[in-house]
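Hi,

Here's the structure I promised to pass on.

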Amino acid sequence: MTPDVQLNPSAAVRTEARRDAFASNLGAFAATVGSAIGLGNIWKFPYLTGSNGGAAFVLTYLLAVALVGVPVMVVEHAIGRRMRLDAVRAYGRAVPGQPFWAAIGWAGFVSAVFIMAFYTDVAGWVFAYVFKSAAALRTGAPLTSATFGALAGGTWEPLLWQALVTVLTCWIIATGVSKGIERVTKTLMPVLFTLLLVCDVRALTLPGAAHGVAYLFRPDLSKLTASVLLAALGLAFFKLSLGMGTMTTYGSYLPDQTRIVPNAARVALADTLVSLLAGLAIFPTVFAFGGTPAGGPGLLFNTIPLVFSRMPAGGLFTFLFFVLSAIATIGAMVSLMEVPVAWFVEKGHLRRPAAAIVTAAIMFALGVLATLSQSPVLADVKLFGKTFFDLFDFASSNVLLPVGGVAIAIVGGWLVSRRSFVEEMDRGYASAPRYERPLYALIRYVAPVLILLILLNSLGVIRLA
Ligand code: PHE
């Protein structure tokens with residue numbers, strides 16, 4: 001039995017410095033969804049699905065979201081809201097006598113910087129494509145793979161776009177939690193859904209669209225390998241912004257009346273829906289026009305303009321598609337930057353704008369490495385056989401986030417008292433909701449064991465697939 005005194009930050013902590021927070025349930029939902037939905041849905045999910053064999057990957061990903069993703073999100077929100085602290089201090093104080101769990105927050109710091117390094121590079125491409133596709137609409141000159149090669153493989157152009165998205169994110173962060181993050185995401189999310197649906201209708205009414213649908217939904221289980229399982233698990237963490245303190249930090253901004261479990265379930269559902277809708281816009285079009293699904297990280301940028309250009313009003317749809325992708329990157333980047341910013345503000349006693357600038361500068365410094373590793377300048381510099389871009393991506397998604405996820409599930413399921421944890425999870429209900437027991441079992445047993453099995457499997461210690 002674990003004692004009951006845990007997860008009870010002292011009154012002093014709860015009232016320490018009046019913290020900014022999300023102002024409403026809807027705002028909290030929009031910000032959380034805004035963090036989850038991003039390049040992960042529109043760029044990563046389609047290209048990983050395409051290079052990992054289609055539906056078998058999608059199925060594994062969906063299972064990872066349900067069995068691991070939602071439980072870990074619930075823990076992060078519950079601990080975040082209970083502690084009302086940045087991630088480092090929240091985990092450092094969640095288990096009395098065991099301050100070393102602050103390491104979860106520190107690892108999250110590193111993950112946030114690693115992810116932002118390559119994320120701002122890709123987001124920069126997306127913003128560049130908004131302008132390039134608008135120009136193509138005007139001049140009629142098509143966007144080709146040479147356009148993308150020149151952009152991604154360039155030196156100053158991608159760096160300038162990367163600097164631009166970094167400054168934009170920094171500016172939103174500096175304006176504050178409820179005014180900045182909440183307002184921006186609440187306005188942009190419905191626009192995103194609408195644009196995506198327009199693209200889907202276009203793609204699904206193409207002749208031959210059914211191939212693309214089957215590619216996404218008819219699994220061939222022989223395609224499941226150790227690296228496919230790890231990639232799907234890593235994507236679930238990346239997609240739902242888990243395992244690194246983002247959702248803990250956002251949990252600390254959740255209003256007391258927000259019901260954590262339904263909120264987390266809705267976020268996971270909306271996020272999955274957007275991924276699938278993005279897949280439904282991309283794969284039917286790829287198949288209808290004879291493209292290849294395994295286009296790698298360039299899939300979005302090479303294939304979409306190419307295949308869209310071969311259909312009526314394709315230029316317009318290309319432009320719309322990149323506008324919505326750009327929208328999607330914003331909420332995610334804001335939430336990535338918020339992890340270190342919250343710490344700098346609360347522990348480092350910096351003002352928000354100063355904290356945002358310091359964080360952005362650190363992220364940009366690593367981002368330059370990621371961006372230049374796509375160009376001849378640093379293309380040949382490899383660590384562990386990977387370019388900086390690939391290394392930051394692999395180290396965060398496939399190592400740091402799942403390991404952080406195990407640690408978070410252990411803290412939530414085993415180390416803090418069940419009573420206080422469940423109390424926070426169930427806040428807003430008069431009596432224990434029906435999902436309480438099965439969900440607690442997922443948190444305590446299923447999530448950590450599954451993550452560990454997949455990690456050990458990928459290291460070759462055990463053999464699942
Ligand atoms: N979930 C975001 C996306 O899909 C990325 C992200 C990862 C954001 C981790 C915050 C934390 O694009």
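This is a predicted model: local features need pLDDT of at least 70, side-chain atom pairs count only at pLDDT 80 or more; totals for chains, interfaces and linings use all residues.

Residues are numbered from 1 along each chain as its sequence is written, and side-chain values use heavy atoms, leaving out hydrogens and water.

Start with helix α3, residues 39-51 (helices are DSSP runs of H or I, at least four residues, numbered from the N terminus). It bends by about 30° at F45, with a proline, P46, following within four residues; the bend is the angle between axes fitted to the seven residues ending there and the seven starting there. Of its 13 residues, 12 are buried, so α3 is largely enclosed by the rest of the structure (buried means under 20% relative accessible area, with a 1.4 Å probe and protein chains only). After α3 comes G53, with a positive phi near 90°.

Leaving aside neighbours within four places in sequence, W43 is in contact with F118, V122, P297, L300, F301 and F389 (contact means heavy atoms within 4.5 Å).

Now find α16 (residues 352-372) and α17 (residues 388-415): their axes, which are lines fitted to C-alpha atoms over the stretch in contact, with angles running from 0 to 180 degrees between N-to-C directions, come within 6 Å and cross at roughly 120°. The contact is made by L366, L369 and A370 of α16 and F388, F389 and F392 of α17.

Conventions:
Helices (H or I, at least four residues) and strands (E, at least two) are DSSP runs, numbered from the N terminus. Buried means under 20% relative accessible area, exposed over 50%, partly exposed in between (1.4 Å probe, protein chains only).
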